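Please read the following report alongside the sequence and the coordinates.

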There are 2 protein chains.
Amino acid sequence: MNSCQLPIDPSQCVTLAHGGGGRLTDRLVREIFAPAFGLDRALLNDGAEPGNEGWVITTDAHVVHPLIFPGGDIGCLAAHGTCNDLAMAGAAPAWLAVSWILEEGVSIGLVRRVAESLAAGARMSGAKVVAGDTKVVERGKGDGIFLQSCGFGKRMCAQAPGPWRLAPGQVLVVSGDIARHGAAIMSARGGGLGFTGDITSDCGPLWPSVRALFEAGIEPLAMRDCTRGGLATVLAEWAEGSGVGLVVEEAEIPVQEAVRGACEVLGLDPLYVACEGRFVAAVEAGQAEASVAVLRGLAGGEEARVIGEVSGVYAGRAVASQAYGTQRVLDRLAGEALPRIC
Amino acid sequence: MNSCQLPIDPSQCVTLAHGGGGRLTDRLVREIFAPAFGLDRALLNDGAEPGNEGWVITTDAHVVHPLIFPGGDIGCLAAHGTCNDLAMAGAAPAWLAVSWILEEGVSIGLVRRVAESLAAGARMSGAKVVAGDTKVVERGKGDGIFLQSCGFGKRMCAQAPGPWRLAPGQVLVVSGDIARHGAAIMSARGGGLGFTGDITSDCGPLWPSVRALFEAGIEPLAMRDCTRGGLATVLAEWAEGSGVGLVVEEAEIPVQEAVRGACEVLGLDPLYVACEGRFVAAVEAGQAEASVAVLRGLAGGEEARVIGEVSGVYAGRAVASQAYGTQRVLDRLAGEALPRIC
């Protein structure tokens, strides 16, 4: 039993890694929130569907730093992050509710810019901001703007997609090149590293892609946007949660050259770096080519491709096949690679 | 034109008063958020009902300081605050989505306590936490725990209650003694003032009271919980928004002796001090006595009573009649009396 498997000691303190979307976040959910709220962790997805009318609910807190980054800001990030979680549950985004925690001293012009960016982002997924709340904390008790958004949408596919539907023979498709959001944030923070401006975030809406798949008669078995922890974390969670094996060809995973270079400089593995407008889907083998064709027809989807498959071996593990026939296991992150990425 | 009526200068900065629920909060909503999101400020209520299926949505950010106070903590405050907004729209609380912004270093035991308190509070209104998200910010970029909650509920009355339904002849009823939450927070902050421990927050669920009114065949025309800005701010907003006059008898408004004393020491007017488990309702005159009887039958409602009426005079104004026949206008707060009360 390694330290990550020991129960959480309540006298322990929260670390940045508890917000990283990796093992410690999972333990916080599994050991504190799921028992308190009477939820089954195994069934927790990014979007909950609590009733029997097809309504899906999701929520996100956004604490990205800096507030404005190449390709977006905290406003469109909140809109896309929340609408994308609905899309990943097969739901058409309808309504958003947004809460602001402003730090005393932040400029009202910045608040206006973020609000307009949020509204524009929501419109790209067909959603509308309908409710809100604003709180202000003293200087030094916040960090400019924290933005929390909650989304409501209606499921538009016959059956909810989820990792419990993964089965050997299905094919894994990625909707575009990965790791740009995380790389853009890091480049915005470390201007001196020489790659600032070359990389823009992939922050964008996924509902148009999912809707196009549905319209083409394709209903993915499972979908997940590759946010905190990146593509590798999604695959590791799916494999662990469902018991199937997932095998991807590392050479097939699209990564921009500039992003690959930045990751090398920073010592990061692109497979673990966050996207905010890319997803991985499992589809029936016979629909793989059609899925890629649909995704490539949409803005941002030019690099969509098949990257692997659900396997009958490697049960419960996600594995990346590399050049020269070697393989590596994609485990979940134990620590925090990129704090405050979203 | 006084300074509060000048348009917001985008180069201006956010102040604590922008989060106080008074005039500056209103201007932020009216001049920044409502235009950005395409909302009609005049129709904004605490709960939005965007579709045609009777679903009501509401959201709140919670930044209360201290996190634990006499009578509650940030967890039950979030649960009640959100469920109460649904209840005020005549909706039965069903589902909550909760986002956490934790400051690095906060104890996991405290997070657990708050989660359990939140779940217990939700259950008191028949709601269940179904979705969540957790982010962590560096030490010094937050303040322990910020908690955002979003609620989803179904309207259980024939017509949505709202200030637009106010009309002369209706009677104003308050559901219990006011100002305890704000006084409890201030006493928790200023232990040296000598009244610590005498006052507990009124933080509690309102849906049981609203449901009991519905079951008795009473559907209030307008309802609002008296949170930031207190009872006076609700009345001022209702009068200003609807154009009717509202007249209350100040001597009829129930305030605990200890609360009145604390407010005197602190130089606060109890009518402007927040409650978190009290509401004011406008009902038809013929239902006033029955309403009070229903409310008194519930825990916390022992002090429920008629406090005034909707008037054909004083158009657009809320007025408090005092002893000796004097009257004072209840205007909205221009500044911030009690920052981070909720």
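In this predicted model, strand 1 of chain A and strand 6 of chain A, the latter spanning residues 145-155, pair in the antiparallel sense over eight bridges. Within this part of the fold, A:His62 has A:Leu147, in strand 6 of chain A, as its bridge partner.

The pairing belongs to an open sheet of four strands in chain A, which follow one another in the order 1-6-4-5 and whose pairing is mixed. Strand 1 and strand 5 of chain A are the edge strands, each pairing on one side only. Direction ignored, neighbouring strands of this sheet are turned against each other by 15° on average.

Helix 3 of chain A lies across strand 4, strand 5 and strand 6 of chain A, and its direction is at about 170° to that of strand 4 of chain A. The elements named so far have these residue ranges.

| Element (chain A) | Residues |
|---|---|
| Strand 1 | 55-62 |
| Strand 4 | 91-103 |
| Strand 5 | 128-137 |
| Strand 6 | 145-155 |
| Helix 3 | 108-124 |

The same surface serves both copies, since 97% of the contact residues of chain B recur in chain A.

Technical notes:
Residues numbered from 1 in each chain as written. Chains lettered and ligands numbered in written order. Predicted model: local features only at pLDDT ≥ 70, side-chain atom pairs only at ≥ 80, totals over all residues. Heavy atoms only, no water. Contact = heavy atoms within 4.5 Å. Pairing = 2+ DSSP bridges. Helix = DSSP H or I, 4+ residues; strand = E, 2+ residues; numbered from the N terminus. Axes fitted to C-alpha atoms, helices over the stretch in contact; angles between N-to-C directions.
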